[in-house]
Amino acid sequence: MATATAAVIMAIVVIIGGVGAFFAFNKSTPGNSSSTTITCVPATSQTCVSSAAHDVSLLVPLRTTQQGSSIPFTAFLASGETSTDFTYNFGDGTTVAHTAASTVDHTYSHVGTYLATVQAVVKGALHDNYQSIVVVGVAPSYTQNSLGTYPSIAGKLVSNTTSTTLASGVLIAGQAVSVSGQYTLAPTNPLYTELAPTITVSTGGTISALVQTGTTASATVTFAAAGVYTVNWVGAGVPRTAGSGPTIYQNYTWTTVVSPSATHYKTAPSPSAFSPHKGQIIAYEEAPAGGKIYDPAISYDTVSGEVDINLYQSLITYNGSAAGPDPANFVPQLATCVPGSAACAALYAGNTLQTGSDYTFVVSKAAKFYDPWDAGTPSWGVYPTDVMFSVMRTMGFSLYPGVATTAGWILSQSLLSACTLPGSPGSCFGWDGGLHPYWNNTPYQMFHSMSINDSSCPASAMANDHGCITFHVTGNNVFGGPSWPFFLELIADNLGGGITPAGWFSAPAQGQGIPLWTLGNVSNPGTHPVALPTGATSTTNAAYVTFLNGLKNNNILGFDAWEQAYVNPNTGAYSGNTQFNEVGSGPYYENPSGSVPHKSYELKANPAYAQNPDCTWTGCQPAPGTFAPDVQVIYEATATPGENAYASGSADFASIPIQDTAFLLQLIQNGKLGATTIPSISIFQVFYAFQFSVAREHTYSANPVTIPSDFFSWVGMRQFFAHAYPYATIESTVNTVDGIQYGFDMGGAIPTYMDGYTPTNINWPSGDPCAVATNQACPAFWWTAINTKGGPFYDPEAASCTKASPCQFPLYGELGAPDEDARLTLFINSVSTLTGGAIQMSLVDLSFGTLIGESFQPPAQTALPMSILAWAPDYPDPTDYTVPYYYPDSTYTLGGASVESLRMFNSTLPGTATPCPTNYNYYVNITVNYPSTPQNCTGAAYDSALKLLLVAAGLPTGQLRINEFDYAEIILQQLAMFIDELQANVIESYSSWIDGTSINTNVMIGSVENVWYSTTGNGVAG
């Protein structure tokens, strides 16, 4: 959906495109342009507008949004009319009165359904939009959901005096509305509980028939006089211990606009469009390289991940709104319940299926794989062995060619033992010659991390469903601990956690069996369940136990050759036949005849799919027949085909890049499209190659390269570039267009909104470059420092950069991302200006797949001296970002040899014989002596930060964990390992017949991929 290396979930997402555009709108239907002289006082009174001309249009491009998101409101007058006096009423009790601005921004603080109005004085007469009042829906923000102290709520306007269906808050004086609300989830923070709700109304409304329980409240509210009112369902999270914290209110608010008794106001008509292709979704996605691979053990980009999330099922998934580690944040997919939940206790006689570090999942008998190629046995059940097989394949690919190059590291960190210090010289070589220097993913360790149908499995699970798989979550981190504290978040990730059929994948036609088990050892592989090694159905079987014990000291290299043969990082070639040849158990299957690898894909409703009988509530996968039976997605090189399809009314979804915001707003104004904001913790950076390959430097460009291969191994040079980025100009001219903010400044690897983990005490580079050589926030300071001989940041290579003989190299952006081109062009110009032409970059765009491929080159082998990439979330915890951004030979430290270069500099403090300190406290407080870590000690500083990250990773939630991440980021900011560009706000558009509220906006799902089976609308399901 977006271009980031997500979770790339990495997510690898697609960059969201564009430069600013301005557009002058004309009202598509002129309407009544007559004026009515104001005769009553005050002129702006609600009772004075009954005779006004109702010919003003109010454009609100985002009809659904989240708390805290700023959205623009733009008033348009009929042709020939002008005004310098506008009054906006946003429906939440706030107004902007008598302003000359035809566009104003507003942020809603509470969840609710709001009615927005505007009045304009035209030649002394009032004009308004009271015949087309705009409805804005506001959902809970990710920020609040992630805190855990807020309860989740839902509200409904049940009826008004004249209607019980499609009722609105637009009334006539003397009429009433009936509303109701309820808690849908208690606070997940164990220190908080919910407060019994009530209903209030602003002055002028009368409440009757109030009915309250501990979790619900409903009432009827009557309004005697014309006006704009708010009806509030008032809920809150309160500390369980009085005085231990604040009460956290979470309201649901409805606006009611009451007209004088002789006048009838109206909301803007809901689009009555019916899908022109009944039972089908057609989407255009700007992704020039298309999907890379759909195998969930390898797939690690958001383009491919979109297929996987619709095709495969994981054991559990996020509940559609909340995102966090509590069992209440999840719903089951293949499992019957979420371990640790009340639902498990209810199903299994009080057994929650979680004991200490053991998490047991019962595999539902309702789930079935479906093979569209097999006419004889097209479907068969899912079993615990399929889960073990899938997780072992995922962990088997977890570390090659580098950590976080596939999703396997996510589960490996919780299930497998780790090195003393990942990436340190001499560590882990006893496992398998150093191929896997992080977690021990040798065969015994992987088999030993899971049990099938042992004593943890309830008897009823064996009798009524397909048995159990138990995960022994004891990997944690190198410093020990009882269990990984966020395991549910890890196993819920569809990439890496998507379950594949062991027998089908192991068949010769697919060639994806795994060593020591299904590779050459499966009797009659194919469309049927698979037993454990030795033919056992339980890991307690004596023959299996003997087999497992035999692996302790043997076959430790059993997976390595298989893993290395699967994918060639240089060519991108894959072995076997599962790159685009998939069989899953999800709501859809991929139609092979309707898909073209890298160009398009088609999904069809899975005829073997059944809704999980133990999961039929909000956030669960839907029942068959309730979602679109056919989905066609076209990958496009540019946005033009999709935009044309939008304009002609033939597409349900299409990419509209930032630079085409005016086109988006025009289609919204014309009633063709709707749009919503989707919370995002996707972040975008410019990455340095601390070392690049001189031999490969002209692989993608003939532009001059006159810098040495280790140009960015010097910390002062990296700091100069980080401070030379024109953050403020880019924020105002590229990231914000026509009042819509597509991205905002952030700093470090931990995104804003990450539940208190985002450091606030670090002066990340921001603003526009300054020219004060004594101010370390200015690039001028760093340009001076790197050219000062004998100084702690002296860079001998910088002396070669002069206007007469400039240092030149390409900066690599992404094809199909004109907004990114605009950012990088401003950056390039800034660097050239600040250095007087001594450093000159040229912009070269590559495909997303090529950028990723170069990131995964062996250390010092990338052809890209500087390039852009991004990350979308796998799970909402700092480790999902700190591992790929900072760990040795990880996603963004591998190809550019970041760690190898840092560790070359570990000698003595400048001008002394004192060895570089190894205590992290020194580097946390280093500004006492230096403005940043001196060049000679960057290796020691990095290793001290890595130790902090490793400690923080396995700590339970709390202030100590927050502090450890914070200290690590303080040190890593001094190393300037990359340039922060932005954190994305995702804007999702959709055609008028699509129900915008059905789009999954969960920060862990909807902001990364389109969940097609959740999408509904007029004619979508057939």
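Q: Which residues form one aromatic cluster in this predicted model?
A: The members are Y688, F711, F712, F720, F721, Y725, Y727, W783, F809 and F827.

Q: What makes F720 and W783 an aromatic pair, and why is the pair called tilted?
A: Rings pair if their centres lie within 6.5 Å, and the centres of F720 and W783 are 5.2 Å apart. Planes under 30 degrees apart would be stacked and planes over 60 would be edge-to-face, with the rest called tilted. The planes here make 45 degrees, so the pair is tilted.

Q: What does the pair of F720 and W783 tie together?
A: F720 belongs to helix α16 (residues 715-724) and W783 to helix α18 (residues 779-786), so the pair ties together parts 63 residues apart in sequence.

Q: How do you know whether F720 and W783 are buried or exposed?
A: Buried means under 20% relative accessible area. F720 has 1%, so F720 is buried. W783 has 18%, which also falls under the cut-off, so W783 is buried too.

Q: How many aromatic pairs are there by this rule?
A: The count comes to 56 aromatic pairs.

Q: Why is the pair of F471 and F487 called tilted?
A: The ring centres of F471 and F487 are 5.5 Å apart, within the 6.5 Å limit for a pair. F471 sits in strand β28 (residues 468-472) and F487 in helix α9 (residues 487-491), 16 residues apart, and the pair links distant parts of the chain. Both F471 and F487 are buried.

Q: Which residues have the most contacts inside the largest nonpolar core?
A: They are F361, F471, F721 and I839, in a core of 245 residues. Helix α24 (residues 938-954) gives the most to this core, with 10 residues. There is also a second, separate core of 20 residues, which includes V177, V179, Y183 and Y229. In soluble globular proteins, nonpolar side chains tend to be buried together.

Q: What does F721 touch, not counting residues up to four places away in sequence?
A: F721 touches Y688, F711, F712, F809, F827, V831, I839, M841, M866 and I979.

Q: What makes helix α21 largely enclosed by the rest of the structure?
A: Helix α21 (residues 879-886) has 8 of its 8 residues buried, so it is largely enclosed. The buried residues are T879, D880, Y881, T882, V883, P884, Y885 and Y886.

Q: Why are α16 and α25 called roughly perpendicular?
A: Angles of 65 to 115 degrees count as roughly perpendicular. Helix α16 packs against helix α25 (residues 959-975) at about 95 degrees, with the axes 8 Å apart. That angle falls inside the range, so α16 and α25 are roughly perpendicular to each other. V715, R718 and Q719 in α16 meet Q973, Q974 and L975 in α25. The residues of this contact divide into 2 nonpolar, 3 polar and 1 charged.

Q: Why is H598 called partly exposed?
A: Partly exposed lies between the 20% limit for buried and the 50% limit for exposed. H598 is at 33%, so H598 counts as partly exposed. H598 is in the loop between β29 (588-590) and β30 (600-605). Its phi is positive, about 70 degrees, although H598 is not a glycine.

Q: How do you know whether A976 is buried or exposed?
A: A976 has a relative accessible area of 6%, which is under 20%, so A976 is buried. A976 is in the loop between α25 and β41 (978-984), and its phi is near 45 degrees, a positive value in a residue other than glycine.

Q: Where does N612 lie, and what makes N612 buried?
A: N612 lies in the loop between β30 and β31 (630-636). Its relative accessible area is 7%, under the 20% cut-off, so N612 is buried. Leaving aside neighbours within four places in sequence, N612 is in contact with P332, Q333, L334, A335, T336 and S364. N612 and A335 are 277 residues apart in sequence and 8.4 Å apart in space, C-alpha to C-alpha.

Note on methods. Residues numbered from 1 in each chain as written. Predicted model: local features only at pLDDT ≥ 70, side-chain atom pairs only at ≥ 80, totals over all residues. Heavy atoms only, no water. Phe/Tyr/Trp six-rings, centres within 6.5 Å; stacked < 30°, edge-to-face > 60°. Helix = DSSP H or I, 4+ residues; strand = E, 2+ residues; numbered from the N terminus. Buried < 20%, exposed > 50% of the residue type's maximum accessible area, 1.4 Å probe, protein only. Core = buried A, V, L, I, M, F, W, Y, C linked by side-chain atoms within 4.5 Å. Contact = heavy atoms within 4.5 Å. Axes fitted to C-alpha atoms, helices over the stretch in contact; angles between N-to-C directions. Parallel < 35°, antiparallel > 145°, perpendicular 65-115°, else oblique. Nonpolar A, V, L, I, M, F, W, Y, C, P; charged D, E, K, R; others polar.
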